[in-house]
Amino acid sequence: MTEKQQEILKNAAFNAQALAYVPYSKFRVGAAVLADDGQIYTGCNIENSSYGATVCAEQVAVLKAVSTGVRKIHALAVVTDAAEFARPCGICRQVISEFAADDFLLLALRPDGEVLLQSMVDLLPGAFGADSLNSRT
Ligand code: THU
């Protein structure tokens, strides 16, 4: 992906973070996906008074893309309120892995705008995937 695409995706993640619905944790997360259709899909975390019903920002962004017909994503930018580079949770890593194209890159952002690039294998080594289901004995 180009520098310009990275910049656009980064800004989209920061804009999405501002929309987070976080009355309980007050921890805002924003995500933006660059999908195979060339579009950007954004997401923020959406909490619930029944805490387990909370949905992560990355999942909102990926599921928005997939529910529009997208099946492959090339990049996902994510930013949180933590001072460090954003770290997607385990369930988000699995959800991303289902739709990650071979060239997928995670743009883990820091609130100051610094970016750490990670491949899918860095993010979820030994991922369980469709191949795992197909290798039944
Ligand atoms: N959260 C995300 O949105 N993404 C992650 O990868 C980790 C956690 C949200 C869920 C909850 O609203 C808040 O951060 C604290 O866990």
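The lining of the second largest pocket comprises 11 nonpolar, 4 polar and 4 charged residues, where Ala, Val, Leu, Ile, Met, Phe, Trp, Tyr, Cys and Pro count as nonpolar, Asp, Glu, Lys and Arg as charged, and the others, Gly among them, as polar. The model is predicted, with local features needing pLDDT of at least 70 and side-chain atom pairs counting only at pLDDT 80 or more, while totals for chains, interfaces and linings use all residues. Residues are numbered from 1 along each chain as its sequence is written, and side-chain values use heavy atoms, with hydrogens and water left out.

**Pockets**

- The second largest pocket has a volume of about 260 Å³, a volume being the space filled by probe spheres set on grid points that are joined across faces, edges and corners.
- Its lining consists of 19 residues, of which F27, V29, C56, T80 and R87 are the closest to the centre; a pocket is an open set of points on a 1 Å grid over the protein atoms alone, where a 1.4 Å probe fits, with protein on both sides within 12 Å along at least five of seven lines, and lining residues have an atom within 4 Å of a point.
- The largest pocket has a volume of about 300 Å³, and among its 14 lining residues S97, A127, F128, G129 and A130 lie nearest its centre.
- Helix 3, strand 4, helix 4 and helix 5 (130-134) each give two or more residues to the lining of the largest pocket, helices (H or I, at least four residues) and strands (E, at least two) being DSSP runs numbered from the N terminus.
- By class, the lining of the largest pocket divides into 8 nonpolar, 3 polar and 3 charged residues.

**Nonpolar cores**

- The largest nonpolar core has 24 residues, and those with the most contacts inside it are V33, V62, I73, L76, I96, F104 and L106; such a core is a set of buried Ala, Val, Leu, Ile, Met, Phe, Trp, Tyr and Cys residues joined through side-chain atoms within 4.5 Å.
- At least two residues of this core come from each of strand 1 (30-35), helix 2 (57-66), strand 3 (73-79), helix 3 (90-99), strand 4 (100-109) and helix 4 (120-123), and helix 2 gives the most, with 5 residues.
- A second, separate core of 10 residues includes L34, A75, A77 and V79.
- Beyond its neighbours within four places in sequence, L76 is in contact (heavy atoms within 4.5 Å) with residues including L9, V33, V62, I96, F104 and L106.

**Helix 3**

- The buried residues of helix 3 include C92, R93, V95, I96, S97 and F99, buried meaning under 20% relative accessible area with a 1.4 Å probe and protein chains only.
- These buried residues pack against helix 2, strand 3, strand 4 and helix 4.

- Y41 is placed in strand 2 (residues 40-44) and counts as buried because its relative accessibility is 11%.
- The side chains of Y41 and D37 are joined by a polar contact of 2.6 Å, that is, a pair of N or O atoms within 3.5 Å of which, within protein, one must be able to donate a hydrogen and the other to accept it, residues adjacent in sequence counting only if both atoms are side-chain atoms.
- Not counting residues up to four places away in sequence, Y41 touches A31, A32, V33, A35, A61, K64, A65, T68 and V70.
- N45, found in the loop between strand 2 and helix 2, is buried, with a relative accessible area of 5%.
- A polar atom of the N45 side chain lies 2.8 Å from the backbone oxygen of F27, and a polar atom of that side chain lies 3.0 Å from the backbone nitrogen of V29.

Conventions:
Buried < 20%, exposed > 50% of the residue type's maximum accessible area, 1.4 Å probe, protein only.
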